[in-house]
Amino acid sequence: MFSMILKKLTSQSLKTILTLVFLFGSWQLLALILQTPALPPPGEALKSLGAIFVSEIVGHLGVSLYRVVVSLIIATLLAVPLGLYLGKNKAADQISAPLIYLTYPVPKVVFLPIFLILLGIGNVSKIVLITLVVFYQILVTTRDAARNLAKEYVLSVKSLKASEWEIYRHVYFPACLPAILTSLRLGLGTALAVLFLVETYATREGIGFFIMDSWSSLAYDKMFAGIIAMGLMGFVLYLLLDGCEKIFCRWVNP
Amino acid sequence: MEAYLTIKSLQVDYYQDNRQITALKDVNLKLPYGTSASLIGPSGCGKSTLLSVLAGLNQKYTGEVLLNGQSPQENGKTALILQDYGLFPWKTVWDNVKLGLQIKGIARREYEQKTEEILRKLGLLDLRKRFPAQLSGGQRQRVAIARSLVLEPELLLMDEPFSSLDALTREEMQDLVLRLWQETKLTILLITHNIEEAVFLGQRIFVMSACPGTIIRELENPLAGDYSARGKADFWELAASLRSNLRRS
Ligand SMILES: Nc1ncnc2c1ncn2[C@@H]1O[C@H](COP(=O)(O)OP(=O)(O)OP(=O)(O)O)[C@@H](O)[C@H]1O
Ligand SMILES: [Mg+2]
């Protein structure tokens, strides 16, 4: 058992290493071909990352991490219960569907100026915007998963005289959890993209700001150090979500 | 003997796109305490509908349905086993079996003890940490039975419980149901498409007509539960007679 886990882990880290080698190899190659200061070779970027990680990057990264994680948590807490509720209750679903489909495709980023005016230039406006974007993704996925749940499962707990809460707890939530985690993974990608965008406006904190600031001061090695740091942050968050899936959704691929 | 289950002029209608479908019409049935009964009938005749009424899941019926003098909703001592979907794929064998007791609000120590007891009785204790996807079809249905029996029901309803199993596993499961019935003296109502199964497990056999379903024949079956009967001529005769009944319905 233990040795199996170890084997799995080493094979996984081997894959990760190979991927990294491939990525940095291509980057190196591209840098050699292009020969422009705008694309420094990975060695330089890494060197700069090592030099300024503690002194400059960690602070910005912490702020960004805070913004993304808080947004994801709030979006999940709002979207999952609502999605499960809509998926379970046909009437509410039918009433809300037009509203959702009309507002879902609107690019929420256009509201950034409004949020900045209403909520100030601090973290709140950024978190609200990221939350709003991710909220829709989780909501729609969760609702659809709940909608498609085989009704035999529900009948089966109903015949045990389960309360509404117990039906959610024992059937809807666990049944939809794999879909919820998938939507969170997609949401994370979106959240990072939106994060970068909101951090380029009216703020002097965050990894997005750091990258853009390095760019405008032509410090390309710093800029790429920032990009690597942002990539690492995303990678760690993905790993966390994967871990959640392995622990809570073991039943999918036992 | 006093009847446990009494059904009088039961009718169930479904509405779909403003069209009325009568699934069951004028169904009358009486079942004494501790009897095992099988119900056969052509596909779509309303057998599952009948069970959902008895299990208290369908309350839109007319007529009278009494379980021990109570309506199905009031009674709540009925267990229902379906062909599939019986178990929750996201719960382990242990969690599946204990769920009913947990929902009933029984104290933890008591439900853990009862769960362990029933799993041991059905030879499932070693499988308790597995998920349904890690079990064979027969094991899965055994867990479904354990999950129902742990609630100590008075009436056990089964809707084609073994139809996806291979012949041998199926016979094993039939023997298991028989053993449990003899031990617990539950009242059992079993829907099956398998005539031999109906004869082996049903002291009473009800034959239903095509849609709208009603009971067209009811017979006493002395061969039920007789292991040796499976090979006897009487057994095959009865099966053949039922088969011709079904053809005509
Ligand atoms: N929810 C529903 N809405 C409309 N019609 C339904 C519904 N459920 C069942 N019916 C119809 O009622 C009739 C009886 O269905 P039921 O499922 O009870 O049949 P059955 O005897 O169990 O069939 P089978 O042997 O194939 O399982 C069928 O004609 C079916 O189409
Ligand atoms: Mg059926």
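## Salt bridges and a nonpolar patch in a predicted model

B:Glu197 is buried, with a relative accessible area of 1%. Here, buried stands for under 20% relative accessible area, exposed for over 50%, and partly exposed for values in between, with a 1.4 Å probe and protein chains only. The model is predicted: local features need pLDDT of at least 70 and side-chain atom pairs count only at pLDDT 80 or more, whereas totals for chains, interfaces and linings use all residues. Residues are numbered from 1 along each chain as its sequence is written, chains are lettered from A and ligands numbered from 1 in the order in which they are written, and side-chain values use heavy atoms, without hydrogens and water.

The side chain of B:Glu197 forms a salt bridge with that of B:Arg170, at 3.0 Å from N to O. This pair links distant parts of chain B, 27 residues apart: B:Glu197 lies in helix 7 (residues 195-201) and B:Arg170 in helix 6 (residues 167-184). Elsewhere, salt bridges with shared partners join A:Asp93, A:Arg143, A:Asp144 and A:Arg147 into one network. A salt bridge requires a side-chain nitrogen of Lys or Arg within 4 Å of a carboxyl oxygen of Asp or Glu. Helices are DSSP runs (H or I, at least four residues), as are strands (E, at least two), numbered from the N terminus.

A local pairing occurs in chain B, where the side chains of B:Glu110 and B:Lys114 form a salt bridge of 3.5 Å, N to O. Both residues belong to helix 4 (residues 108-121) of chain B and lie four residues apart, about one turn of the helix. Over all chains, the count is 22 salt bridges.

The table gives the accessibility of the residues in these pairs.

| Residue | Relative accessible area | Class |
|---|---|---|
| A:Arg147 | 38% | partly exposed |
| A:Asp93 | 7% | buried |
| B:Glu110 | 38% | partly exposed |
| B:Lys114 | 21% | partly exposed |
| B:Glu197 | 1% | buried |
| B:Arg170 | 13% | buried |

A:Ile114, A:Leu118, A:Leu119, A:Val124 and A:Val128 make a nonpolar surface patch of about 420 Å². Helix 4 (112-119) and helix 5 of chain A are the elements that give two or more residues to this patch. The largest share, three residues, comes from helix 4 of chain A. A:Leu119 lies in that helix and is partly exposed at 36% relative accessibility. Patches consist of residues with over 30% relative accessible area and no salt bridge; like charges are joined within 9 Å, and nonpolar side chains (Val, Leu, Ile, Met, Phe, Trp, Tyr) within 5 Å.

Key: Accessible areas come from the Shrake-Rupley method with a 1.4 Å probe; for residues, only the protein chains shown count as cover.
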